[in-house]
Amino acid sequence: MFESQLDFEQQKVVPAILKLLQSSAETDKDFAARLCLPVSQGGLGLAMPSVVWAPAYLGAARQLIELKVERPEALIQDALPCIPALAATPKDWPTSYGDVRKLSLESTQKKLVRLLQDNISSQLTVSVDSPNVIRSLLAADPAAMGRNPCDEGAAPMLRNHVGLPAFETGHDVCPLCLARSVNHRSVPCSAEHSLTCPFLREGLGSERHDQIRDTLAKLLRGHPWRVRVEHWLGRGSEWTVDRTKRVKARADLLLTRPGHTEPVVLDVVVSNHASASMRSKKEQYANWNVRVIPVVVRQSGGVGAVHGRGWTDEMRDVLGLDAETVGQIADAVMMACMRQQVHVFHAFMRQADAAHRQAEANGLNH
Ligand SMILES: [Zn+2]
């Protein structure tokens, strides 16, 4: 039965997802298992058959015991090792019917899926969690969103997010750089480059940063912290360390809470250089007694982490949020990042196509 799930996954599910992402790329055997990972770990939070099958089967067996219905022990025994090839058997995974009997009755399946996800992510050396980005994209207000995952603007970013080439062949060198630079530089046309190409008109302004900031503010307002947006910290601030210094900083978000003396500053930066960005943000606030959490968001919308630790971990620990909430925040930030970037991708592709056509008209071969 598990084998038929694996076949279904390889022959139907993976091609359907690649079609949705408009990708003709070759994928490796671990691609399917990676898609089950949360968005913040480079997955899409999808319930992949190879990951969900055993938890569903064993979870149901556990629930049935309560109803005095026993599945044959041999079938349970056969189901126990049915996990994706990428996941080595997790430490707390049941190994006998006796173990299945002892599983907690509460969210049995969900907990087993979590064990496999953790295991897969540890094989891929990444961490943290959040739900399904494609579902949230589809459920998003189309008027506000303006795009869906099949859209030509969104697809390159999603492809990039799951580790597939963002652009199909033919776009491997940036046509804008090639057309406009005097020395005809050949710049590889990656997803990152398309967002930051110096020859792109209608490029990224501050909208992406501001969308992320506002998303965080909105989600954190439901928690017991007072949230202030774009708050100036000057010499005269109650948290200033050295009042002789003429320094100022504008915090994207300042969070305070009665009873907590140390306020928390959240500062957003979109960068693929997590370590350097974290350091410079901390230095920027050295003259104030505040706890800085640098919200380093990767160009792909993912959480920028150093040694597997990113702003979601700090937010969970410092603000006292649970893993579920932090996962939802990470997802919303990814969406906010993407909402702005799809417009830029769109502009890039339009201008790149025009550059291609112009080159052809000029008889140039590129
Ligand atoms: Zn370029």
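Before anything else I wrote down handedness: a crossing is left-handed if the near helix is turned anticlockwise from the far one by less than a right angle, and right-handed if clockwise. I also noted that this is a predicted model, where local features need pLDDT of at least 70 and side-chain atom pairs count only at pLDDT 80 or more, while totals for chains, interfaces and linings use all residues. Residues are numbered from 1 along each chain as its sequence is written.

**Overview.** I found 15 helices and 6 strands in the chain; helices (H or I, at least four residues) and strands (E, at least two) are DSSP runs, numbered from the N terminus. Of the 366 residues, 39% count as buried. Buried means 20 or more other C-beta atoms within 10 Å of a residue's own, exposed means 12 or fewer, and partly exposed lies in between, with C-beta atoms placed from the backbone.

**H1 and H3.** I looked up helix H1 (residues 2-20) and helix H3 (residues 49-66), which pack at an angle of about 150 degrees with their axes 9 Å apart. Axes are lines fitted to C-alpha atoms, for helices over the stretch in contact, and angles run from 0 to 180 degrees between N-to-C directions. On the H1 side the contact includes Phe2, Leu6 and Val13, and on the H3 side Pro49, Ser50 and Trp53; contact means C-beta atoms, placed from the backbone, within 7 Å.

**H12 and H15.** Next came helix H12 (residues 207-220) and helix H15 (residues 323-361), again at about 150 degrees, with axes 8 Å apart. That makes H12 roughly antiparallel to H15. H12 passes H15 in a right-handed crossing. Among the contact residues I spotted Ile212 and Leu216 of H12, and Val333 and Cys337 of H15.

**H14.** Which residues of helix H14 (residues 311-319) are buried? I noted Trp311, Thr312, Met315 and Leu319. They cover an arc of only 100 degrees around the axis, which puts them on the same side of H14; the arc is that of the directions from the helix axis to the C-beta atoms. These buried residues pack against strands S3 (260-270), S4 (291-297) and S6 (309-310), and against H15. Gly320 follows H14, with a positive phi near 70 degrees.

Terms used. Parallel < 35°, antiparallel > 145°, perpendicular 65-115°, else oblique. Contact = placed C-beta atoms within 7 Å.
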